[in-house]
Amino acid sequence: MRVSSLMKRLGLKLSLNDPRWGKDNKPQANEGKKPGEGPPDMEQLWRDFNQKLNNLFGQKRPPNNNNNDNNGSGDGGGNRPDIAGGIRATAGAIGAVVALIWLASGSFIVQEGQTGVVYTFGKVSHTTGSGFNWRWPYPFQSDETVKVSQMRMVEIGYRGNIKNKQARESLMLTDDENIIDIQFAVQFKLKDPVAWLMNNRDEEDTVRQVAETSIREIVGKNKMDFVLYEGRDKVAFETQQLMQQILDRYASGVLVSSVTLQAVQPPEQVQIAFDDAVKAGQDRERQKNEGQAYANQVIPTARGAASRLLQEAEGYRSMVVENATGNASRFKQVLVEYQKAPGVTRDRMYLDTMQQIFSSASKVMVDAKSGSNLLYLPLDKLIAQAAATDAQATAARAAAAQAAGGSPATNATLPSDLIPSVEVNRLRDPRTRESLRDRESR
């Protein structure tokens with residue numbers, strides 16, 4: 001507290017406009033003088049100040065038997081206050097105020113989501129929760145607040161934007177001896193504020209170095225194509241696990257929440273060549289897929305056709321074998337009958353053969369008696385004409401039956417006048433059956 005405020009509370013006024021400035025208690029000594037004339041009486045001011053202090057703390061003036069009380073001098077020696085006592089009182093008041101201010105400096109407030117750490121002579125003594133707290137003031141104790149619920153993040157390989165690359169952090173070597181450029185971010189929060197403050201010299205730099213070390217180890221165990229494409233999630237997960245193990249071993253008080261890969265690509269110097277190689281690989285895979293699709297379409301078709309041909313060949317073989325077996329069996333039966341009656345068997349075979357021949361022929365040759373002229377009978381045309389006429393007659397009868405309200409006729413007969421009757425007389429020649437029988441009888 002300032003001296004001016006203290007003097008104001010004591011009622012002591014130090015104003016140059018005061019008409020009694022620099023005057024003593026003798027009113028007659030300053031009478032007739034204008035305000036502001038003469039130098040101020042500092043001794044009188046000090047006496048007034050001590051008197052105020054004595055009145056404030058209840059101190060009484062000690063008795064004084066000095067002879068000056070009897071001589072009626074105007075210096076007021078009998079009313080002079082105790083200057084030493086006033087000084088002690090003032091010093092005590094000031095000391096009390098300073099002590100209160102010093103004790104009040106030990107109070108501090110911890111916000112929600114934070115933890116207060118109290119040090120006693122530089123050593124951690126205890127932690128406090130959120131709210132109003134008090135500790136011993138300096139130099140005995142000190143405090144520090146730590147945000148434990150805040151999600152923190154460090155960036156590796158870039159700062160602020162992935163375009164602002166940090167090549168020394170992002171470039172690393174893969175298992176197949178290729179260089180790859182990786183930028184990623186690590187999110188973490190605190191699980192032990194005391195370990196976070198006491199076991200780390202530079203907290204965020206420690207987390208960054210651990211993250212860089214972990215991802216270099218994981219990337220160094222995998223191929224470049226795996227890290228670039230299908231293995232990104234696996235690389236991030238394994239990096240998070242390895243970071244947590246290292247940070248726990250360091251007792252850093254950090255809990256890793258996630259590792260996010262922002263950009264994974266080859267170095268900029270070989271980016272164009274790498275893109276060409278990737279396109280070539282994609283074209284190769286596309287052509288392989290097309291060839292595989294064509295093979296999947298053609299091979300089953302060829303196998304089906306081959307299986308069908310095999311089955312047809314098997315069926316044909318079975319048919320030929322069965323026909324040959326049947327023909328051989330029939331020939332043996334005919335042979336037995338021929339041995340019993342050769343003539344009858346020959347006639348029977350002749351008739352069967354001619355029946356087969358004439359059944360498939362549409363024309364008939366007849367040997368007439370007169371001069372071996374051939375008579376041509378268009379039997380096929382006659383049969384076709386008869387069938388057409390029969391169809392017309394059937395249609396006419398059906399129409400008449402419908403007109404008359406009756407049921408149409410379902411059966412039709414061929415008119416008798418349309419069927420020609422042909423009498424064939426076969427001449428007897430040396431090749432007839434009678435001549436054959438005569439030869440056999442001989």
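Thr174 sits in the loop that joins strand E9 (171-173) to strand E10 (179-190). At 4% relative accessibility, Thr174 counts as buried (under 20% relative accessible area, with exposed being over 50% and partly exposed in between, for a 1.4 Å probe and protein chains only). Apart from neighbours within four places in sequence, Thr174 is in contact with Ile180, Val219, Gly220, Asn222, Lys223 and Met224, where contact means heavy atoms within 4.5 Å. The model is predicted, so local features need pLDDT of at least 70 and side-chain atom pairs count only at pLDDT 80 or more, while totals for chains, interfaces and linings use all residues. Residues are numbered from 1 along each chain as its sequence is written, and side-chain values use heavy atoms, with hydrogens and water left out.

**Whole chain**

- The protein chain has 13 helices and 13 strands; these are DSSP runs numbered from the N terminus, helices being H or I with at least four residues and strands E with at least two.
- Of the 442 residues in the protein chain, 24% count as buried.
- The protein chain has an accessible surface of about 31,100 Å², and 54% of that belongs to carbon and sulfur atoms; the areas come from the Shrake-Rupley method with a 1.4 Å probe, and for residues only the protein chains shown count as cover.
- Among contacts in the protein chain with a separation of 6 or more, 63% are between residues 24 or more positions apart.

- Helix H9 (residues 232-250) has 19 residues and reaches 27 Å from its first C-alpha to its last, close to the expected 27 Å; the expected span is 1.5 Å times one less than the number of residues.
- The residues Val235, Ala236, Thr239, Gln240, Leu242, Met243, Gln244, Ile246 and Leu247 of H9 are buried.
- An α-helix has 3.6 residues a turn, so residues three or four places apart point the same way.
- Cover for the buried residues of H9 includes strand E10 (179-190), helix H7 (203-219), helix H8 (224-228) and strand E11 (254-265).
- H7 has 17 residues, and its first and last C-alpha atoms are 25 Å apart, close to the 24 Å expected at 1.5 Å a residue.
- In H7 the buried residues are Glu203, Thr206, Val207, Arg208, Val210, Ala211, Glu212, Ser214, Ile215, Ile218 and Val219.

**Helices H10 and H11**

- Helix H10 (residues 271-340) packs against helix H11 (residues 342-359) at an angle of about 135°, with the axes 5 Å apart; axes are lines fitted to C-alpha atoms, for helices over the stretch in contact, and angles run from 0 to 180 degrees between N-to-C directions.
- That angle makes H10 oblique to H11, since under 35 degrees counts as roughly parallel, over 145 as roughly antiparallel, 65 to 115 as roughly perpendicular and the rest as oblique.
- H10 makes the contact through Val334, Glu337, Tyr338, Gln339 and Lys340, and H11 through Pro342, Thr345, Arg346 and Met349.
- By class, this contact of H10 with H11 has four nonpolar, two polar and three charged residues; Ala, Val, Leu, Ile, Met, Phe, Trp, Tyr, Cys and Pro count as nonpolar, Asp, Glu, Lys and Arg as charged, and the others, Gly among them, as polar.
- The 18 residues of H11 should span 26 Å at 1.5 Å a residue, which agrees with the 26 Å between its end C-alpha atoms.
- Gly343, Thr345 and Asp347 of H11 are buried.

**Backbone geometry**

- Most residues other than glycine have a negative phi, and most peptide bonds are trans.
- The peptide bond from Tyr138 to Pro139 is cis, with omega near 10°.
- Pro139 lies in the loop between strand E4 (131-134) and strand E5 (141-147).
- Glu177 has a positive phi, near 65°, and lies in the loop between E9 and E10.
- At 67% relative accessibility, Glu177 counts as exposed.
- Ala251 follows H9 and has a positive phi, near 55°; this residue is in the loop between H9 and E11.
- Ala251 counts as partly exposed, at 38% relative accessibility.

**Gly116**

- Gly116 is part of strand E2 (residues 114-120) and, at 0% relative accessibility, counts as buried.
- Leaving aside neighbours within four places in sequence, Gly116 is in contact with Val110, His126, Thr127, Thr128, Glu144 and Thr145.
- Gly116 and Gly131 are 15 residues apart in sequence, and their C-alpha atoms are 9.6 Å apart in space.
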